[in-house]
Number of protein chains: 2
Amino acid sequence: MPGIIKERLFTPGPTPLLMDAQISTLAAGNVHHRTEAFRKIMSETLTLLKYYYDTQNDVLIFASSGTGAMEGSLSNLLSPGERILVGTAGKFGERWLGLAKAYGIEAVIVESPYGQPVNIEALKEKLANEGPFRAVYIQATETSTAVMNNVRALGEAVKAYPETALVVDAITGLGTSDLRVEEWGLDIVIGGSQKAAMIPPGLAFVSVSEKAWGLIANSKLPRFYFDFAKERKNQAKGETAYTPATTLVIGLHAALEYIKKLGRENLIANAALLAEASRAGAAALGLKLFAQSSPANAATAIHAPEGMDSGAIVKELRTRFGAIIANGQGSMKGQIFRLAHLGYYDIADLFAIFAALEIALQKLGQKVELGSSVRAVQEVYLSHVK
Amino acid sequence: MPGIIKERLFTPGPTPLLMDAQISTLAAGNVHHRTEAFRKIMSETLTLLKYYYDTQNDVLIFASSGTGAMEGSLSNLLSPGERILVGTAGKFGERWLGLAKAYGIEAVIVESPYGQPVNIEALKEKLANEGPFRAVYIQATETSTAVMNNVRALGEAVKAYPETALVVDAITGLGTSDLRVEEWGLDIVIGGSQKAAMIPPGLAFVSVSEKAWGLIANSKLPRFYFDFAKERKNQAKGETAYTPATTLVIGLHAALEYIKKLGRENLIANAALLAEASRAGAAALGLKLFAQSSPANAATAIHAPEGMDSGAIVKELRTRFGAIIANGQGSMKGQIFRLAHLGYYDIADLFAIFAALEIALQKLGQKVELGSSVRAVQEVYLSHVK
C-alpha cells in the first residue's frame, strides 16, 4: 500500500455522513427519551421531516430499517381478503411481493424488465379493470436498477379511487427527486435515514395522508410495533410508543437542519446534477447505462465493459482507492456497478471517483484515455454552475 | 443556578453510555454493511452477545426497540387459533396482552399484584390444567415495579412440554441477574441495547433455542421484518436481511468487549451490590420499597414518603442536581420513584444520588439526617469489597 487511502462510500445507502450530525449524536449520547428536552428534539425533527418531505401530512419515525416501514404500509392498510396492485422492475419492487406473501394478501403484479421504469399505463389499466385494490405499491426510485418511476402519473390515476391508497417507497427517492406528496396524491411515502438524509441506518420514516388514515382506521391485519395510528397519537406529543433510537433522532435533527439551510430544492438539484455528470462520465468511457430510460438521480447503474465482471471494478476501486461502490444485485451481479450520488456528495467526489475508475479500468486491461471522463464531468458542472 | 450541573441518568434504560462504545460509534460512522469489515464486526458482536447471554443458542440482532423483538417472539411462534399463557405483574407484562390482542391470539393470564413477583405456582397449575399453550410469556425483571421473577422455576416446569416454548423478556434482566438459558430452558430470551449493554437505544436481541426453532418452523402468523428464521440464515454469515443499524452494532461491539473484559459475572454482581446498597440507603431514610419480595438488581422502586408526590422528588433531583430518575408508570405514577443501577453504574454514582436525594427530601419538607443514607450505602460497599 503506497500511502494513505481514505475510505469513501459511493453506495446508494449508507451514504457519507454529515459530520455535524455525527458530532451531535455523540455529544447527546446520554439523553433520556421521556424528558422535555427529547420531546422538543423529536417534535422539531418531525417538523423538519415535513420540510424534507414537502408535505403537511403526518410524518412518523420508526426505529427500524426502511423495510419495517414497508411492512407497516401493508399491515396498517389491508384486511384479510383484500388485494393489492404492485408495480415492480427490480429487487425492491419484489420486496412488496414478499410482504404480501407473508401476510397472505393477493398481489396483482405489473412487472417491467430490469433497467426500465414500471409500466404506469399497465398499472392504470389493471386499476380500472381488475380492482378493487386496497392499495397500489411502487418505488419512487428502484435502487437496484437506478431507474426512476413516474409516480406523478400513477398518483393522478389512483386519486380517482377513494378506497385505494398509493404507497411509495421513496427510500432513495426522497431528497433526490421532485415528489409532490399532496398534489400527486402520494398517500404513504416511505423514507430511510441512511440515504439523502445523511445519517447512519436505523430510522425509517412514513408520511400518511388523510385518505390513508381513513383506510387505516378500518383495516384488520395485525400490527403492533409498526402501528401507525398508535405512533401518530404519541408522536403528536413528541413521544413514541416504544423507546426511540434517540441518538439517531438527534443526528437526524442536525442533518435536517443542514438540509433546510441548504434548501430541499438545492439538495435535489445537487443529486440531479451529479447524476447527469455521472452519465456523461460513463459515456466518455464508452460505458453503457443500465437504465433504458428515466435514469435515477440517486445513483447511476453502469454496465461493465463487454467481457469484464463488474465485481473486478468494485474490487479494484476498493483495494486501490478505498472507494466503495455497489455491485449489481441478484441477476445483475457481475453485470453492472452502481455509483451513488444521493445526499452528502459533491462534484469533487465525482472528479475523484471517475479518475479512480479510469485507472481501475486501465489496470483491468481496458484502453482508457486518462482524464477523459473527468473532463466530461467537469463540462457538465460548468454547464450548470457559473 | 449556582454552577455546573452535569446531567446524569439514573433511569432503567437508557442507562449511562460506555464512552468507549460512543467513540467507536463515531469513528466508524462511514461503514457500509455489505462489506467484509462489517460482516466481521457483526459476527464478532454475535459471538460476544452469546458470551453476554451465556448461551450457545443462536442470538440475533434487530434494528428496533425491544418491543419489536417481543412482537417477533409472538409472530414467529404462534399460529392462528393457538393459545398462550402470560404471567404479568406490571406494565411490561401487560404488553404481552396487547401483542396477543393485536394478533387475535387468546391469552390465558396469571396476574399478580404490582410490587409482587408473578405467581409461578399459578402458572404451573394453568400449564397443567388449561393447556395446551404454544408459549408462556414472562419478564425476567418487571422494570415498572423493579421486581424479579423466578424464571428458573418456570423454565423447569415448561421443559416438560415439548410443544410449549418459554419466552423471557430479559430486557432489563440481562446483565443484572443470573439467567441460565440452556439449563433453565429459556427458549427465547429478549434483550435491548440501552440497558446493561451500555449503548443507546435502537437494537433488540433475541436468543432462540433448538426447541423454539422447531416450533417456529411450523408457525403461521405473519411476520416479515422480525422474521427470526430469515435473520438466522443471514446472521450466520454476518449479514442481515435488511439494513442493520451499523453504528449501534459497532457501539455494541465495543461495549460487549468491555463487558467480556470485566466479566459477565462481575457485571451481574455489580448490579446486585448496587441494588443491595440502594435498599439499605432507602431504609436508612425510612422509605419503603415497592417490591414486596424479590426486588430486582436492575432498579430499585421506592415509595415516596407518606403524603408526598414522587414526581416532586423526580423534579427536585432533576432541576437541582441534573439527576434523572424515573417516576412510577401508570397507576404507580406519583407513588414511587425508581433508581436504576443496571449496566454502567458504580458505587460512587450511588453515593452521589443518595446524598442528592437526602437534600431533595429535606427541601421538600422531610426531616432527614444528612449523610445517613450515604453511610448505609458505604457500609454495604465495605461489607462486600475488601
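**Strand pairing, domains and overall dimensions**

Strand S3 (residues 83–88) of chain B pairs with S4(B) in the parallel sense, over six bridges. The model is a predicted one.

**Sheet in chain B**

- S3 and S4 belong to an open sheet of seven strands in chain B, with the order S2-S10-S9-S8-S5-S3-S4. The pairing in this sheet is mixed.
- Strand S2 (58–63) and strand S4 (106–111) of chain B stand at the edges. Each has a single partner strand, so one side of each is left without a neighbour in the sheet.
- From one strand to the next, the twist averages 20°.
- At the level of residues, B:Thr88 stands opposite B:Glu111, which lies in S4(B).
- In general, the strands of a sheet pair through backbone hydrogen bonds, in either a parallel or an antiparallel sense.

**Domains of chain A**

- Chain A is divided into two parts: domain 1 is made of 8–15 + 264–384, and domain 2 covers 19–261.
- The C-alpha centres of domain 1 and domain 2 of chain A are 28 Å apart.
- Between the two domains of chain A, 27 residues of domain 1 are in contact with 30 residues of domain 2.
- On the side of domain 1 of chain A that touches domain 2, the elements giving two or more residues are helix H11 (264–284) and strand S11 (299–303) of chain A.
- H11(A) gives the most to this side of domain 1, with four residues.
- By class, the side of domain 1 of chain A that touches domain 2 has 15 nonpolar residues, 10 polar residues and two charged residues.

- Chain A contains 14 helices and 13 strands.
- The C-alpha trace of chain A spans about 60 × 55 × 40 Å along its principal axes.
- The radius of gyration of chain A is 21 Å, which agrees with the value near 21 Å that a compact globule of 386 residues would have.
- Of the 386 residues in chain A, 59% are buried.
- Among contacts in chain A between residues at least 6 apart in sequence, 71% join residues at least 24 apart.

Terms used. Residues are numbered from 1 along each chain as its sequence is written. Chains are lettered from A and ligands numbered from 1 in the order in which they are written. This is a predicted model: local features need pLDDT of at least 70, side-chain atom pairs count only at pLDDT 80 or more; totals for chains, interfaces and linings use all residues. Domain bounds come from an automatic or database domain assignment. Two residues are in contact if their C-beta atoms, placed from the backbone, lie within 7 Å. Ala, Val, Leu, Ile, Met, Phe, Trp, Tyr, Cys and Pro count as nonpolar, Asp, Glu, Lys and Arg as charged, and the others, Gly among them, as polar. Two strands pair if DSSP finds at least two bridges between them. Axes are lines fitted to C-alpha atoms, for helices over the stretch in contact, and angles run from 0 to 180 degrees between N-to-C directions. The radius of gyration is taken over C-alpha atoms; the globule rule is 2.2 Å times the number of residues to the power 0.38. A residue is buried if 20 or more other C-beta atoms lie within 10 Å of its own, exposed if 12 or fewer, and partly exposed in between; C-beta atoms are placed from the backbone.
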